[in-house]
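Subject: Structure for you to look at

Hello,

I am handing over the structure we spoke about. Please open it first; my notes on what was found follow below.

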Amino acid sequence: MAFPHSPLFPQVTPKAVRRIVLEQAMRAHVGHIGSALSVADILAVIFSGRVDSVMDGSVSKDRFVLGKGHAALALYAALHLQGRMTAEVLDGYCGNGGTLGVHPERELDGVEFSSGSLGQGLSVACGAALAKRLKGEPGRVRVLISDAELNEGSTWEAIMFAAHRKLDNLDVIVDVNGQQALGMTKDVMDLTPLVPRWQSFGWEVRQADGHDTEALVASLGIMAKASGRPQVLLARTMSGKGVGFMEGQIKWHYWPLSDSDFTAAMAEVERAA
Amino acid sequence: MRKALVRTLIELAEKDPRVLLMTADLGYTVLEPFAERFPDRFFNVGVAEQNMIGLATGLADSGFIPYVYSIATFAALRPYEFIRNGPVLQKLPVRIIGVGGGFEYDHAGPTHYALEDVGALRMQPGLQVITPADSGQCRSALLHVHGGGGPAYFRLGKDDVYAVPGLSGRFEPGRAHVVRQGNDALFIAMGPAAALALRAADALSVQGMESTVMVVSSMSPAPVEDLRALLSRFPFAVTVEAHYATGGVGSLVCEVVAEHNLDCRVTRCGVTRNPSGEQGDQEFLNRLHGISPEHLAAAALEGSRRAAAKRSGSAVKPDDWRAIGFPASVEPVKAPPPAP
C-alpha cells in the first residue's frame with residue numbers, strides 16, 4: 001500500500017456518494033447526474049483520505065481542484081460524508097438562498113476554486129502547484145478534469161506549462177468517459193490517441209479503471225512519488241455509472257429524474273456491492 | 001511608465017516576498033532588471049495569456065501577489081473570462097498590467113490597440129481599474145494598491161516622456177484630480193489623455209477661454225463624488241480618452257450626470273469606429289479618430305456656444321465657433337461627430 005495510514009473517512013464510499021447524488025438530484029429536479037456518477041468512485045477515493053500524501057495532524061496538505069465543475073453534486077456528497085457540510089446545507093442544493101449550485105463556489109469549505117467554465121481548473125491547479133514549490137510546502141495538488149475539457153485550448157497551455165516547469169507535485173485525473181454534452185467525444189472532437197498525446201507533451205501517463213477504487217488508490221499512490229514530471233491518470237469511466245439505464249447515455253448529461261427513474265436507480269445502487 | 005513599473009516592482013519585491021512577476025513573453029528590454037534581481041520570482045509563461053491568469057489565480061489563492069504583464073489588449077481581452085472567474089469572482093490579489101492604451105502601439109496596427117479594455121473591465125465588481133496619467137502616478141498607484149486584497153488592472157503607457165503638470169504623482173482610489181483651473185470650459189480626461197486636454201486648454205487660453213482639466217485615473221472605483229461636484233458647476237463638459245467612446249470616462253461622466261440629474265451637456269471625444277485599414281503614428285490616429293487637441297478645443301467651443309445660446313434662449317447656428325478663430329499653431333478642424 002502506498003499510503004501508510006487507514007482511511008480517515010471510511011464513510012466516504014462510492015455507494016454513499018451515488019446515493020446522495022440521486023437523492024439530491026431528485027429533490028432539486030436537476031440534471032448533470034451522469035457526470036456526477038462518472039466521478040463518484042474517484043471522488044470517494046480522494047475524499048476518503050486514503051490517498052492523502054502529507055498530513056498535518058488530521059489535516060491533509062493535499063489540495064484538490066474540481067475542473068469539471070458540473071460534477072459538483074458528487075463533490076458536495078463527499079464533503080457531506082466527511083462531515084464538512086451539514087445535511088441542512090446539502091438540502092439547500094439548487095434552492096433559493098442556498099450556497100450549493102450545479103457548479104461549486106469557493107465560499108464553501110472544501111471547494112478550492114469556483115469552477116464551471118471548462119478549461120480553467122488546470123491552470124489554477126498549476127498555479128497552486130507552483131505556489132507549493134515556491135513555498136517549499138509538501139503535498140500534492142490534484143485536479144479532476146473531464147475529457148471534453150481537452151477540447152479547450154487553455155487546457156493545453158496549462159499542460160505545456162506544467163511539463164516545462166516540471167511540476168511533479170501535480171496530479172491530473174482525467175475522467176475519460178468518452179462523452180460530452182451533445183455526443184460522444186469520438187464524434188464531437190476525437191481525442192485519440194490520448195496516451196501519446198499526453199506523453200508527447202512531456203507527461204508521465206497512467207491508466208486505470210476509474211470505477212475500481214483499489215486501482216485508483218494504487219495509481220494515485222505511485223503518482224505521489226515525485227518523478228520530476230507532472231503526472232496524469234487517464235481514468236476510464238462510464239457516464240452514469242451504477243445506474244444501468246443511465247450508463248453511456250447522452251441524455252443523462254442534462255436529464256432530471258422522474259419518480260419511477262429515481263426508485264429504479266436507488267434500488268440498483270443499493271443492490272451494488 | 002514601463003520603467004516606473006519595473007523600478008516600483010523591484011522596490012516592492014525587496015520588501016515583500018509575496019511579489020511575483022509573470023509575462024506572456026512580452027517586455028523585452030523592460031522586465032530584465034526584475035528578472036535579474038529575482039530570477040526565482042520571474043516567470044515567462046510563454047504566449048499563453050489565459051494560462052497566465054489561471055496560474056496567477058492559483059498563486060494568489062496560495063498567498064502570493066502575482067503581477068502579470070502583457071500588451072493591454074492581450075492582457076485584458078484574451079483572458080477576459082479567466083479574469084472574471086478567477087481573481088474577480090474569487091476576490092484574489094492578482095495585478096494585471098496592460099501596456100499601451102489607445103493607439104500607443106500605432107504602427108503595430110489595430111490588433112495591438114487597446115480601445116475597450118477599460119470599459120470591459122470596469123464592469124467587473126471589485127476589480128480596481130487604474131489608468132495612471134504619468135510615471136509618477138503609476139508609481140503611487142502601484143504602491144497604493146499593492147497591499148489590498150482584491151484584484152486590479154493597470155493600463156500603463158509605454159514610455160516615460162510626459163509628466164502631467166500639477167499632478168505631482170498623486171493617486172487615491174475613487175478620487176480624481178484637477179490639474180488646471182478655469183471657468184469657461186471643462187475637460188475630463190482618462191489618465192494620459194490629460195496631455196491632450198491640457199494642449200487643448202492651452203490653445204483655448206490664447207483665445208481668452210480658460211479651462212478646468214480633471215484627470216480620472218481611478219476608473220474603478222469611480223470618483224463619483226469628485227465628478228458630481230465638478231460637473232454641477234459647468235453647463236458643458238468635454239470628455240477625452242484613448243478608448244472607444246463607449247464604456248470609458250465619457251460613459252462614466254454621462255452616468256454621473258444622469259444619475260445626479262445635473263444640468264450639464266456632455267460631449268464624448270473617443271474612438272467611435274473600428275480602426276482598420278488606417279495606418280499611422282499615434283498623433284495621426286488620434287487626429288483621425290477625433291481625440292486630438294484640436295478636436296477637443298473645437299468640442300469645447302461648440303459646448304460653450306450651445307451653453308450661451310441656451311442662456312440667451314436663441315437658436316444655435318451651426319459653425320459659429322469658427323468665427324472665434326484659432327492660433328496659428330492649432331489648425332481648426334470640424335467638431336467630432338456625436339458618439340453613437
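The contact between the chains takes 23 residues from chain A and 25 residues from chain B. Please keep in mind that this is a predicted model. Between them, chain A and chain B bury about 2000 Å², and 54% of that is on carbon and sulfur atoms. Of the area that chain A buries against chain B, 26% is supplied by Arg106(A), Gln120(A) and Glu157(A), more than by any other three residues.

Arg106(A) also forms a salt bridge with Asp61(B), in which the closest N and O atoms are 2.5 Å apart. The count of salt bridges between chain A and chain B is three. Eleven residue pairs are in polar contact across this interface, with both residues at pLDDT 80 or more. On the side of chain A that touches chain B, helix H6 (121-135) and helix H7 (153-164) each supply at least two residues. H6(A) gives the largest share of that side, nine residues.

Next, the sheets of chain B.

One open sheet of chain B has seven strands in the order S2-S1-S3-S4-S6-S5-S10, with mixed pairing. Strand S2 (42-44) and strand S10 (218-220) of chain B each have a single partner strand, so one side of each is left without a neighbour in the sheet. Neighbouring strands here are turned by 20° against each other on average, direction ignored. At the S10(B) end, strand S5 (residues 128-130) of chain B pairs with S10(B) in the antiparallel sense over two bridges. In that pairing, Val129(B) stands opposite Ser220(B). Helix H3 (residues 49-61) of chain B packs on the sheet and touches strand S1 (19-23), strand S3 (65-71) and strand S4 (95-99) of chain B. The direction of H3(B) makes about 165° with that of S3(B).

Another open sheet of chain B is formed by five strands in the order S7-S9-S8-S11-S12, again with mixed pairing. Its edges are strand S7 (177-180) and strand S12 (265-271) of chain B; each has a single partner strand, so one side of each lacks a neighbour in the sheet. Strand S8 (residues 185-190) and strand S11 (residues 236-244) of chain B run parallel and are joined by three bridges. Ile188(B) has Thr239(B) as its bridge partner in S11(B).

Thr212(B) belongs to strand S9 (residues 211-216) of chain B. Is Thr212(B) buried or exposed? Thr212(B) counts as buried because its relative accessibility is 1%, and the cut-off for buried is under 20%. Leaving aside neighbours within four places in sequence, the contacts of Thr212(B) include Val178(B), Arg180(B), Ala185(B), Phe187(B), Leu230(B) and Phe234(B).

In chain A, one residue that I looked at is Leu75(A), which lies in helix H4 (residues 72-82). Leu75(A) is buried, with a relative accessible area of 2%. Not counting residues up to four places away in sequence, Leu75(A) touches Leu43(A), Phe47(A), Phe64(A), Leu66(A), Pro104(A) and Val111(A). Leu75(A) and Ala40(A) are 35 residues apart in sequence, while their C-alpha atoms are 8.3 Å apart in space.

Regards

Conventions: Residues numbered from 1 in each chain as written. Chains lettered and ligands numbered in written order. Predicted model: local features only at pLDDT ≥ 70, side-chain atom pairs only at ≥ 80, totals over all residues. Heavy atoms only, no water. Helix = DSSP H or I, 4+ residues; strand = E, 2+ residues; numbered from the N terminus. Buried < 20%, exposed > 50% of the residue type's maximum accessible area, 1.4 Å probe, protein only. Contact = heavy atoms within 4.5 Å. Pairing = 2+ DSSP bridges. Buried area = accessible area lost by both parts, 1.4 Å probe. Salt bridge = Lys/Arg side-chain N within 4 Å of Asp/Glu carboxyl O. Polar contact = N/O pair within 3.5 Å; in protein donor to acceptor, adjacent residues only side chain to side chain. Axes fitted to C-alpha atoms, helices over the stretch in contact; angles between N-to-C directions.
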